[in-house]
Each structure stands twice: as structure tokens, then as C-alpha cells.
Amino acid sequence: MPEDKSPKYHDRRSFIKNGLNTTAALALGGIAGFTITRSTKGDMVWQIDPDKCIQCEKCAINCVLYPSAVKCVHAYAMCGYCKLCGGYHQPGTKRLDTAAESQLCPTNAIKRTFVENPYFEYTIDEKLCIGCAKCVKGCGSFGNGSLFLQVRHDICVNCNECNIALNCPADAWVRVPADNPYLFRGEVRESPTATSESGDV
Amino acid sequence: MKKNILFILLIFIFITESYPQIQRFPKPDFESGYTQPGPVKTYPRSVSWEYVDVAVLLIALFLSSYFALKKRSRKYIFSLMIFSLIYFGFFRKGCVCAIGSIQNISLAFFDKTYVVPLVVIAFFTLPLIFALFFGRTFCAGVCPLGAIQDLVILKPQKQSNRLNHVLGLIPYLYLGLAVLFAATGAEFLICRYDPFIGFFRFGFNQNMFIFSTAVLLLGVFIARPYCRFLCPYGVLLKWASVLSKRHVTITPDECIQCHLCADSCPFDAINTPTPERYPGEPDKGKRQLILLLLLLPLMIVTGGWAFSKLSVPLSRNHYIVKVAEQIRLEDTGQTTITTEFSEAFRGTGMPTAELYNRAALVQSRFKTGSWILGAFLAVVIMSKLINLTLWRRRLDYEPDKGACLSCGRCFKYCPKEHERLLELKGVSLLE
Ligand code: SF4
Ligand code: SF4
Ligand code: SF4
Ligand code: SF4
């Protein structure tokens, strides 16, 4: 095919190719431009809406990290400082002491300290906490609900798709701005822009 | 307007504040002067790091293009690749990557409530822009997923052309599904099945680790299996690279058809010269081409129709649909076993009718999306066939602009390259 080699043929091909190249660049610019209108300068991170969480214990096993980046957090302001703590003690335990077998937490991550009669303070040792939500469930069903799960952002590696969010049966996971990354119980939410995992439907 | 915003804000505060928080036990009045600890908040690494990442990406893309096209040095490309593996893979732990960003971009298009970080947009666009100018230099030296696979290419085997063509269609399907799932808000498929994140995180999540290892072992014999037969971003890069202004060449000069480079590419990305045609040989291609062009609309409709039939099972990956189906089963008495999903839903107190409405909305989106996906795949397959019937005269050995990853392995097989290197060293060949 000698005509293939003619300069005219090559001109035409490179003309088409250049045109397509420019079109592709423009399309890319369009995509970038449009998404920039829905963008934020900061980063978005994952967080648990504690009001939606049903304490299914998946947070402990589905995180890509071990132990999980999800930890139990204590809203002291909501706590009743109870002597019999639904989050600390095994249900039905006779001994209201600090013995390991009377504790609910599988890793004994909750520390109990005497404040004054009859009040006890409960502190979570987050190094030990595995995010299993057993205590959260206990406190929610028998106490004030002052224990709840949150993603700790010094640990979380901010997966683009959080593996826990993917498996959460309560759709409790939302994306929140990185500079305001907590949804604490008993606090007024400042981040109404939080986006739910399953979108706007 | 202002009033409206105030009103919405008030409602918002009201809703979040009035959430039933059971105060079973009163707040104690401490007498011992005990002070209540405040809430502890720890923060993610500062956003300036994100900008460092973008800067590193930009510099790496520049260097990769420079090393591949100008410097023509496999050694430099390799070093850059190792750096990217360490930085983007192990240090940044893999997220967000260009491949995954496809989904954030798709979601941002279809979900008004989703805000996408600027960094993600940069990770999506920059490699493509570079590919439009210089080919897939991102794959050569910047992508951490490519890098980890590149390291284990020990005994690459040649596959037949036909197999390569067929397997090469998978990324289009994967891309289509990933966009569909992201756009409908179902899930981020690419992230879920990212084969190497297990290594980058050292997450010790067993299943992930087994999967990663399996893909790497496969990569010993099939060079970069994820890149060639799965990577959805590779599809976009391929499109951009085919149109690229400049591209890696095997020879620095003119090809002398010595055939030495023919088997040097582990990715089967080198196109060989087309055999001469006898004068007067009938051109079968033309008739096939016309036939294919006539078939195209039919295929598009068939593809769209076939995939829209799949939309119901596909939509089950969406949370709302999953829950709605379970609730329907329970409410119609078809099952007595409740699941965590249905229990969680009943706990929210949302009326079932609303759930069904939402599910119907998601399903209708899936229907449209699946139709488009089917039509897209039909176009892809037909274009592939059309491309195969088109006969283009090629005289030289050249990298296939779409498939070539600009890795620079073939350079050293070219005798002309050796001449160039010698000349660089100042050895005159004429002596
Ligand atoms: S997976 Fe969801 S419901 Fe289960 S404990 Fe975690 S946040 Fe709560
Ligand atoms: S984003 Fe990743 S690291 Fe963070 S909680 Fe989810 S799975 Fe764990
Ligand atoms: S094909 Fe995909 S995974 Fe492979 S190097 Fe390119 S972008 Fe990375
Ligand atoms: S640079 Fe050469 S060896 Fe590398 S992918 Fe391209 S054609 Fe193959």
C-alpha cells in the first residue's frame, strides 16, 4: 500500500490524533473542573455515628488494622459513675470488684477507680481496647449510654473504603471533615456535612 | 434565604440534641473536688501532608517521563519505582491511589452530598495528563501497585495473542462495574479487592494477605497480572497513552529490523512489523469492517438489554436494597430469621414504606447504570474486533502505545541503543 506512506495520509492521521488528544485533555479538564465544585481543601475521614451503631462487634474484626482503629470513648459528662457499671461488669456478677472474671471487657481495658462514695470513675485504656463494643452495649442497655465507639484518627490509616463501613449492618459510618473528625455523644454536632456511606438516597 | 438556613440549622440542632439519650442515673454531685476529665480527641495527620503527597506525585511523574523518554535509563526508572513503592505504598499505606480515585470521582458526580478532597482529584487527573503527553510513565515508575508486581517478574511466560486480547477485556468490565457501584453509592469495589493493600498495611488480615500473596506468586510467571488484566485505571491510561503526543521508543534512532528486541518485553507490548502483502491479495478486512459496523448498533442494544437484566442482583450490593429485601422477606412472612441488618433498621424507627421507596430509587439507578454498562462493553468489544480487522502497515518494531508501560526493559536489546550509549561515553564508532 504505497498510499499509506504518502505525506497526506500521515498528515491526516496526526491531525485526527492531535484533535483527539486535545478532546481528551478537555474532557479531563471538565471532569476535574466539575468535581472541584464539589470538593474540599481538607481531607475527609471516617467516623461512626454512635446513635446509629448497634454494637454488633464487627468493628473489632473488620478493620484492616489489628487491633482495630475503633476504640471505645467515654463521655464522662453523661456518666452516672455507678458502682455497678453495665459497661464494666459482667451481667449478673455478684462481686462488684475489679477481678478479671467479673469484667465484661475481654482485654480488661477499662480501669475502675474510686472517686468518693458511692461513685467510681471508669477510664478506657485505648491501648488495650479492641473496639468490640461489648461495654458499649452493656452501658447502653443498663446505664446512661456514656460509652460509645469512635474511630481514633491517630491510628486509622483512612482507607478510601473503610472495611468496617462496608460491613456495618447499621449503616452507621459517615465521612466527616478531617479537622473536625469526631461525633461524640452528648456533644452538639458541628459537622452537618457528614456524608453517609450509602449516599443521599 | 438566610432565614431558611437558620431554620435548617435550628432543626438540625434540635434533631441531634433531642435524640433520646437515656439518662437512667443522675449526674453525681461530687463533693471531693473531683474534676471530670474532658473528652480526648486525637487528630489525623495534618492536611499539609496531603499536599506533600501531591508534590511528590508530580515530581515522580516528571522524573519517570524524563527517565523513560529522554534519559532512556531502565536503572533510573527502576530506582524511582522502588522509591514510589516505599513512599506511596508502605509509607502512605496505599490510600488514596490513582486507581481508587476513579470511584471518588464517580461518586462526586452522582452524589451531591459527597465532598471529594482536592488531593483525590489531583491523584486522578495528574497521571492521565502525563499519559496524554508521554504515555504510561505513571505505570513505569510511580504506581506502587505496579512497582510491587514489577519486582517479582522473575520468569515471565509469553501468552498467546488471543489470550491476551480476551483477558485484556476484563479491565473494561471491572472499570464499568466500579463506576456503577461507586456512582450508585453501593460500595468501592476497587478498594475492596485491592490485592496489595494487605502488604502495604501489614494489616495481618488473613484473607487479604492470602489473596495478595497469590497475586504476587502469579506475577512471577505472568508479568504484572493486575496491571494487564484487571487494573481499571490502566484502561484510562491506555486511552490517554494511545493519543499521547510523545511516547517511549525502543530504539533511540531508526529501527534496523534486527529482531533483537522482539522478545524483550515481558508484557507482550512490542508490535512486530506486519508481513508484506502480495500485490492483488484480496482485502478481506474491508468486508468484515462493514459487517462489524453494521452490527455495532445491534450489539449496543443487546449488551444494554442483557446487563439491565442483571441490575437486580447487582443492586443487592447496595446497603438500602439489602436491608429492604430482608425486611420484605420478614414482613411477608417468608422468613422468621432476622438479621443484624433488619434489626438495625427496625431500631431506627424509619417507616418501611420510606425504606422501600429509597430501595426502589436505588434500583432504578442501577437499571439505568447497568444498561449503560452493557452498551459500553458492547462498544469496547466491537472496537476491539474492528481494530483487529484494520490492517495497518508497520515497518518497524515499536511498543504498542496502549499496552506499553514505559518500563524501559527493551532499550538495552537494541543495537542502536548501544551505539548511543557508547557515543555518550565519547567513544567514536568511526575509529
Ligand atoms: S460495625 Fe457498625 S454497628 Fe457494628 S459495632 Fe461497628 S459501628 Fe457499631
Ligand atoms: S478506615 Fe481503615 S483503618 Fe480506619 S477504621 Fe476503617 S478499616 Fe480501620
Ligand atoms: S496498570 Fe494500574 S496497577 Fe499497573 S502500574 Fe498502571 S495504574 Fe498501576
Ligand atoms: S518499555 Fe519496552 S519493555 Fe517496557 S513495556 Fe514498553 S515495550 Fe515493553
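In the predicted model, ligand 3 is surrounded by I99(B), R136(B), F138(B), C139(B), C143(B), L145(B), G146(B), R224(B), Y226(B), C227(B), C231(B) and L237(B). Three elements of chain B each give two or more residues to this shell: α6 (137-141), α7 (144-151) and α13 (225-229). By class, the shell around ligand 3 holds 9 nonpolar residues, 1 polar residue and 2 charged residues.

Aromatic contacts were examined next. A pair of aromatic rings is described by the distance of the centres and the angle of the planes. Over all chains, the count comes to 26 aromatic pairs. One of them joins Y87(B) and F91(B). Their ring centres are 5.3 Å apart and their planes meet at 40°, so the pair is tilted. Both residues belong to helix α3 (residues 74-91) of chain B. They are 4 residues apart, and therefore separated by about one helical turn. Their accessibilities place them in separate classes. Y87(B) has 10% relative accessibility and so counts as buried, because buried means under 20%. F91(B), at 44%, counts as partly exposed.

F88(B) pairs with F123(B) in an edge-to-face arrangement. The centre-to-centre distance is 6.2 Å, and the angle between the planes is 85°. F88(B) lies in helix α3 of chain B, whereas F123(B) lies in helix α5 (residues 118-134) of chain B. The pair therefore ties together parts that are 35 residues apart in sequence. F88(B) and F123(B) are both buried.

Ring pairs link W49(B), F83(B), Y87(B), F88(B), F91(B) and F123(B) into a cluster. The cluster thus includes both residues of the tilted pair, Y87(B) and F91(B), and both residues of the edge-to-face pair, F88(B) and F123(B).

A nonpolar patch was also found on the surface of chain B. L291(B), L295(B), L298(B) and M299(B) form this patch. Together they have about 350 Å² of accessible area. L295(B) sits in helix α15 (residues 284-309) of chain B. With 32% relative accessibility, L295(B) counts as partly exposed.

Notes. Residues numbered from 1 in each chain as written. Chains lettered and ligands numbered in written order. Predicted model: local features only at pLDDT ≥ 70, side-chain atom pairs only at ≥ 80, totals over all residues. Heavy atoms only, no water. Patch = residues over 30% accessible without salt bridge, like charges linked within 9 Å, V, L, I, M, F, W, Y side chains within 5 Å. Areas by Shrake-Rupley, 256 points an atom, 1.4 Å probe, with all protein chains shown as cover. Salt bridge = Lys/Arg side-chain N within 4 Å of Asp/Glu carboxyl O. Buried < 20%, exposed > 50% of the residue type's maximum accessible area, 1.4 Å probe, protein only. Phe/Tyr/Trp six-rings, centres within 6.5 Å; stacked < 30°, edge-to-face > 60°. Near = heavy atom within 4 Å. Nonpolar A, V, L, I, M, F, W, Y, C, P; charged D, E, K, R; others polar.
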